[in-house]
Amino acid sequence: MSEKKHRVSRRQFLNYTLTGVGGFMAAGMLMPMVRFALDPVLRPADEQDLVQVVNVDELTEEPQRFDFKIQQKDAWYESEETRSAWVFKSGDKITALSPVCKHLGCTVGWNNDPANPNQFFCPCHYGRYEKDGTNVKGTPPIAPLDVYQHEVRDGYLFLGKAKPRGEA
């Protein structure tokens with residue numbers, strides 16, 4: 001190959017150089033803005049503290065709904081959010097289930113469907129769950145109800161974050 005075919009003209013060299021310098025300067029200006037916008041997303045999530053919910057002596061074998069408040073930090077905004085849990089005892093074992101249906105996020109209720117007693121029922125799309133939170137086959141929910149992290153301290157039940165059954 002001849003040397004003439006591979007030479008870069010002065011005009012092409014100047015064009016490549018100015019494009020590279022301009023791209024470098026644009027990246028230098030855009031990076032701080034992108035970092036500012038993505039910073040809350042990139043930060044690791046704060047571990048939620050366990051919240052005192054109920055005296056363990058008040059728990060029964062029948063699921064009961066308990067409401068509690070958590071401190072939530074969403075990016076730069078801090079707020080107090082109300083959460084709910086269906087809590088019951090089976091012997092010495094305590095179970096705390098999230099009331100959020102795994103189908104479309106509606107709220108499930110305990111024993112509120114006369115056709116299906118002793119089950120959690122979602123009135124939005126007729127989803128059903130057994131008492132232990134497992135989804136009834138052939139109904140819309142695709143997974144069991146989430147389970148709250150929990151711990152008993154000084155006779156009180158403390159709840160943390162709701163996690164899918166395999167992770168709790």
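Mentor: Start with Q119, in the loop between β5 (109-110) and β6 (120-122). Keep in mind that the model is predicted. The relative accessible area of Q119 is 10%, so this residue counts as buried, the cut-off being under 20%. Leaving out residues up to four places away in sequence, Q119 touches G109, W110, N111, R128, Y129, E130 and V136.

Now take the strands on either side of that loop. β5 and β6 run antiparallel and are joined by 2 bridges. Strands of a sheet pair through backbone hydrogen bonds, either parallel or antiparallel. Here the open sheet has 3 strands in the order β5-β6-β7, with antiparallel pairing. β5 and β7 (127-129) are the edge strands, each pairing on one side only.

Next, the nonpolar cores. The largest one has 15 residues, and L59, F68, V87, L157 and L159 have the most contacts inside it. Two or more residues of this core come from each of β1 (51-55), β2 (64-74), β3 (77-90), β4 (93-97) and β9 (156-163). Apart from it lies another core, of 12 residues, and W110 and F120 are among its members, along with W86 and V108.

Technical notes. Residues numbered from 1 in each chain as written. Predicted model: local features only at pLDDT ≥ 70, side-chain atom pairs only at ≥ 80, totals over all residues. Heavy atoms only, no water. Helix = DSSP H or I, 4+ residues; strand = E, 2+ residues; numbered from the N terminus. Buried < 20%, exposed > 50% of the residue type's maximum accessible area, 1.4 Å probe, protein only. Contact = heavy atoms within 4.5 Å. Core = buried A, V, L, I, M, F, W, Y, C linked by side-chain atoms within 4.5 Å. Pairing = 2+ DSSP bridges.
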